[in-house]
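Open the structure in your viewer and keep the selection panel at hand. The tour goes stop by stop, each with something to select and a note on what is there.

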Amino acid sequence: MGLTGLDIFKLTPRKNCKECGFPTCMAFAMKVASGAVEIEKCPYISDEAKAKLSEATAPPMKTIKIGAGDNEKALGGETVLFRHEKTFVNRPLFAVQFDDQMADDELARKADNIKKVDYERIGEQMHAELVAVKYTDNKDRYLEIVKQLKDLNKTFVLVCDDAAVAADAVALVKETKPVLVGANADNLEDMVKLAKDNGIVLGLSAAGIEDLYALTEKAQGLDYKELVLNTTGENIAKTFEKTIEVRRTALEGKDRTFGYPSIVFVNELAKGDAYMQTALAATFILKYGSIIVLEDIEYANALPLFALRQNIYTDPQKPMRVEPKVYEFANPDAESPVLLTVDFALTYFVVSGEIERAKVPAYLAVPDAGGLSVLTSWAAGKLGASVIRDMIKNSGLEEKLTRKRLVLPGKVAVLKGDVEEELPGWEIIVGPEEAMQIPKFLRELD
Amino acid sequence: MAYTKVAKKYSGKINEVTLGTGDKAITIGGRNVLPLHHFDGEVGNPPKVGLEITDIVPEDWNDALKDLYSDVIGDAAKWAKYVEDNYAPDFICLHFVGASPDGANKSVEECVEVAKQVADAITTPLVVAGSKNDEKDGELFAAVAEALQGKNILILAAKEENYKTVGAAGALAYQQKVAAESSVDINLAKQLNILMTQLGVKEEDIVMHLGSAAAGYGFEYLSSTMDRVILAALGQNDTTLQMPIITPVAFDTWGVKEAVASETDEPEWGNAEERGIHLEVATAAACLVSGADAVIVRHPKSLQTVKNFIEGLLQ
Ligand code: SF4
């Protein structure tokens with residue numbers, strides 16, 4: 001990405017006046033290219049050259065904001081095709097789609113599902129962030145539905161290729177910063193104007209990849225860059241190709257014409273098959289969907305999709321950790337057992353889920369184990385008897401408990417003797433090896 | 001400016017491995033492009049989907065599945081035949097959960113008997129999976145490989161702890177295919193493949209099992225390991241990583257809370273069977289897109305969905 005030192009050198013006046021603090025323009029240019037110095041340090045660089053530079057160093061994919069207030073979300077802004085190369089940054093958002101042919105009961109049922117599916121998973125609130133409303137041919141009904149769905153307090157995706165209808169719909173919800181998906185080769189100018197006038201993001205649709213490219217160029221030509229690209233194709237294979245090609249062209253081909261977030265209507269591709277819809281949504285979580293449109297949302301499809309999204313969009317450089325402390329379950333008292341695990345989020349999540357499932361009062365002591373799994377942290381010396389002792393001593397549990405029982409993860413049963421020595425007065429119990437066995441274990445613990 | 005496609009040409013290619021015999025034999029691998037990237041070049045053999053059955057009645061399975069199979073679940077051979085006739089999976093995975101020393105602890109002889117009956121009952125390619133006890137599995141696989149000589153089965157899997165027994169008996173003595181199982185780490189995968197080939201196992205007899213995870217349970221590690229393995233295999237032509245990949249999705253997905261919790265425990269969540277299927281297809285799709293050439297699922301509806309999914313992606 002960006003310009004080389006030589007490219008930047010050509011933008012300097014080549015006076016070697018040293019005012020920038022470097023002996024020569026070339027030395028300065030090399031530093032700018034490496035990102036160590038701002039181009040502004042040279043007072044003689046023209047505005048034109050600065051613009052050129054900022055254009056060249058702009059990220060290959062634009063970050064687009066949609067939604068207002070607490071609902072504001074960023075889309076796009078990705079820099080890599082594979083998450084291990086760096087990280088994926090802006091998680092895809094899910095939309096549930098309605099249309100103007102829907103009967104009231106169907107509409108109410110779906111709206112109710114959206115309200116119901118709203119839960120927390122490892123510190124993240126999971127819910128469909130968007131509602132899509134598609135226009136087919138009934139304008140009054142369309143507008144009525146948009147109005148009704150405002151109560152859900154979600155960001156709208158208005159799917160409408162009739163500029164006049166779209167204008168009325170946008171007027172109803174423009175303060176929520178919706179996305180308007182429906183610009184095509186026939187209506188582009190009207191749609192761009194509508195989006196521009198209302199300051200909202202515009203979605204572009206075209207049949208083939210080349211058509212989409214040409215349309216995007218045209219929109220940019222109309223000086224509009226708040227765009228998302230509808231990469232849905234005529235079938236599953238074409239959609240997969242189009243979505244990947246768009247992202248790849250932007251990131252590898254360094255062609256910013258395709259440097260926009262995507263929207264994929266997996267609901268259309270699945271043709272009423274809910275399982276297929278889940279398979280496709282999972283696919284586009286991994287492969288470059290930015291907005292994924294579903295027919296409906298229920299816990300059955302939400303649980304795996306949100307969980308998968310959470311996994312794929314974690315930063316590979318930072319293992320997810322939970323705060324080291326004592327967690328409480330089902331109002332534990334002075335007699336309740338203390339379980340021990342590590343601060344690696346995945347481990348904590350599984351273990352705490354199982355303790356919850358057991359519905360038995362218990363404490364869960366989580367020492368600072370470097371954010372590693374039980375065995376890894378033990379092997380790395382971060383989960384030894386002294387770490388456990390310090391954790392327990394500093395936790396205040398000794399004062400609180402009349403019956404002191406500490407349950408070690410079964411995988412580090414070898415620590416039992418050492419921990420017994422370090423914690424006199426405690427009964428050290430070896431717990432199960434697998435989290436799945438915790439409920440049974442806890443229920444049977446006297 | 002006109003649109004220019006970013007050309008993707010790789011020097012490496014995923015090996016082809018054939019399982020089973022006769023008309024129903026299947027071949028996986030053979031592509032020189034990223035998974036399912038039909039638009040880039042030679043996409044090879046479409047990924048294959050297998051259905052899991054077990055040697056003994058699987059007490060911990062979802063009740064709806066146990067009901068579905070109630071007539072055949074007590075007899076693995078009948079079960080296999082039923083699955084072959086009704087669901088036509090690309091292969092059947094016979095999972096020896098009963099061999100576990102922590103469980104039913106069936107003897108190797110008993111297991112071999114079951115394996116023979118199953119193999120005789122079907123013409124669909126067979127994959128045998130073990131009990132997670134490395135020592136027992138080593139013995140079990142060696143005996144099963146011998147008993148089913150000529151059937152060209154896949155043994156799932158040889159690990160660092162038992163690859164010598166499994167590799168020597170399975171692939172060398174009895175010419176079966178062997179999966180090399182590592183735990184979600186490109187270097188461990190590579191090392192085991194090298195150890196296996198040093199033992200004399202031919203590359204075209206090895207499939208990789210890179211580990212598995214349900215969506216939501218560290219799936220990012222699996223997905224990124226697959227990405228890295230495939231980029232090395234294709235981009236750097238690393239022949240020690242060009243084996244096709246099999247992922248037993250069923251083994252993980254049906255064991256996590258989202259699939260296990262009863263409707264009484266989680267009333268909001270709804271029917272557990274439904275949740276299990278959604279989790280299974282989401283995980284299977286994510287594996288296939290990341291690079292699995294074969295996946296094993298448990299629910300017939302998952303099988304059907306994933307088959308349609310693959311067909312849809314390659315149409
Ligand atoms: S201030 Fe500008 S012109 Fe002067 S030496 Fe530095 S780069 Fe060259």
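Where is the place of A157(B) in chain B? Select A157(B): its place is in strand β6, residues 154–158. Helices here are DSSP runs of H or I with at least four residues, strands are runs of E with at least two, and both are numbered from the N terminus.

Before going on, note that this is a predicted model, in which local features need pLDDT of at least 70, side-chain atom pairs count only at pLDDT 80 or more, and totals for chains, interfaces and linings use all residues. Residues are numbered from 1 along each chain as its sequence is written, chains are lettered from A and ligands numbered from 1 in the order in which they are written, and side-chain values use heavy atoms, with hydrogens and water left out.

**Backbone stops**

The peptide bond joining L156(B) and A157(B) is cis, with omega about 15 degrees. Most peptide bonds are trans, and most residues other than glycine have a negative phi.

Next, select K18(A), in the loop between α1 (5–11) and α2 (25–33) of chain A. Phi of K18(A) is positive, near 70 degrees, although the residue is not glycine. K18(A) counts as exposed because its relative accessibility is 53%. The classes are buried (under 20% relative accessible area), exposed (over 50%) and partly exposed (in between), using a 1.4 Å probe and protein chains only.

Then go to D223(A), which is found in the loop between α8 (209–221) and β10 (227–230) of chain A. This non-glycine residue has a positive phi too, near 65 degrees. D223(A) is exposed, at 59% relative accessibility.

**Salt bridges within the chains**

A salt bridge is a side-chain nitrogen of Lys or Arg within 4 Å of a carboxyl oxygen of Asp or Glu. Over all chains, the whole structure has 40 salt bridges.

Select R309(A) and E124(A), which form a salt bridge with their closest N and O atoms 3.6 Å apart. R309(A) lies in helix α12 (residues 299–312) and E124(A) in strand β5 (residues 124–127) of chain A, so the pair ties together parts 185 residues apart in sequence. R309(A) is buried, at 1% relative accessibility. E124(A) is buried as well, with a relative accessible area of 15%.

Move to chain B and select K24(B) and E84(B), a salt bridge with the closest N and O atoms 3.8 Å apart. K24(B) is in the loop between β1 (16–19) and β2 (26–29), and E84(B) is in helix α2 (residues 76–87) of chain B; the pair links distant parts of the chain, 60 residues apart. K24(B) is partly exposed, with a relative accessible area of 38%. E84(B) is buried, at 9% relative accessibility.

**Helix α10 of chain B**

Select residues 272–290 of chain B, which make up helix α10. The helix has 19 residues and reaches 27 Å from its first C-alpha to its last, close to the 27 Å expected at 1.5 Å a residue. The expected span is 1.5 Å times one less than the number of residues. Of the 19 residues of α10(B), 18 are buried.

At the start of α10(B), a side-chain oxygen of N271(B) reaches to within 2.8 Å of the backbone nitrogen of E273(B). After the helix comes G291(B), whose phi is positive, near 145 degrees.

**The interface**

Show both chains. In contact (heavy atoms within 4.5 Å) are 53 residues of chain B and 52 residues of chain A. Four salt bridges are found across the interface of chain B and chain A. Select E258(B) and R121(A), which form a salt bridge with the closest N and O atoms 3.6 Å apart. On the side of chain B that touches chain A, the elements giving two or more residues are α7 (219–235), α9 (257–260), α10 and α11 (300–314). Which element gives the largest share of that side? α10(B) does, with eleven residues.

Key: A polar contact is a pair of N or O atoms within 3.5 Å; within protein, one must be able to donate a hydrogen and the other to accept it, and residues adjacent in sequence count only if both atoms are side-chain atoms.
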